[in-house]
Amino acid sequence: MEGYEQECAEVLLKEQERVFGEKVADTVEEAIEFLEDCFAVVLNNAADIREYWDECGIDCEGMSDEDILEADEVFALPCGKYMVLEV
């Protein structure tokens with residue numbers, strides 16, 4: 001997530017209720033702390049997310065790239081990359 005903290009925090013603040021059903025942060029600083037606690041990572045595309053999940057032991061076999069990118073723990077970033085949370 002290094003170098004993307006501000007962008008990731010802003011996306012989390014905007015979309016947090018989609019995943020958690022409630023606010024988990026009110027400020028950019030709180031969002032950055034939350035993302036650090038969730039071990040958020042920034043990845044380039046669905047293939048990178050699939051590889052990351054495989055390394056984490058998350059079964060994503062049978063999921064299409066679209067399914068991966070639409071998963072609740074995946075957030076599209078304005079820069080074209082994806083933030084993935086461990087929830």
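This is a predicted model: local features need pLDDT of at least 70, side-chain atom pairs count only at pLDDT 80 or more; totals for chains, interfaces and linings use all residues.

Reader: Which helix is W53 found in?

Author: W53 belongs to helix α3, which covers residues 46-56.

Reader: And is W53 buried or exposed?

Author: W53 is buried, because its relative accessible area is 4%, and the cut-off for buried is under 20%.

Reader: How far apart are the C-alpha atoms of W53 and V84?

Author: They are separated by 9.6 Å, although the two residues are 31 residues apart along the chain.

Reader: Let us turn to the cores. How many residues does the largest nonpolar core have?

Author: It has 17 residues, and those with the most contacts inside it are C8, L12, L35, F75, L77, M83 and L85. Helices α1 and α2 each supply at least two residues of this core. The most comes from α2, which gives five residues. Another core, of 12 residues, lies apart from it and includes L43, W53, V74 and V84.

Reader: Why would such residues group together at all?

Author: Nonpolar side chains tend to be buried together in soluble globular proteins.

Reader: Now α1. Which of its residues are buried?

Author: The buried residues of α1 are E7, C8, A9, V11, L12 and Q16. Among the elements that cover them are α2 (28-37), β1 (41-43), β2 (74-76) and β3 (82-84).

Reader: Which backbone oxygen lies 3.3 Å from a polar atom of the Q16 side chain?

Author: That is the backbone oxygen of L13.

Reader: On to the shape of α1. Where is its kink centred?

Author: The kink in α1 is centred on K14 and amounts to about 55 degrees. Helix α1 spans residues 5-20, 16 residues in total, yet its end C-alpha atoms are only 20 Å apart. A straight helix would reach 22 Å at 1.5 Å a residue.

Reader: Finally, which residue follows α1?

Author: G21 follows α1, and its phi is positive, near 75 degrees. G21 is also one of the residues in contact with Q16.

Conventions
Residues are numbered from 1 along each chain as its sequence is written. Side-chain values use heavy atoms; hydrogens and water are left out. Helices (H or I, at least four residues) and strands (E, at least two) are DSSP runs, numbered from the N terminus. The expected span of a helix is 1.5 Å times one less than its number of residues. The bend at a residue is the angle between axes fitted to the seven residues ending there and the seven starting there. Buried means under 20% relative accessible area, exposed over 50%, partly exposed in between (1.4 Å probe, protein chains only). Contact means heavy atoms within 4.5 Å. A nonpolar core is a set of buried Ala, Val, Leu, Ile, Met, Phe, Trp, Tyr and Cys residues joined through side-chain atoms within 4.5 Å. A polar contact is a pair of N or O atoms within 3.5 Å; within protein, one must be able to donate a hydrogen and the other to accept it, and residues adjacent in sequence count only if both atoms are side-chain atoms. Lists of a residue's contacts leave out its neighbours within four places in sequence.
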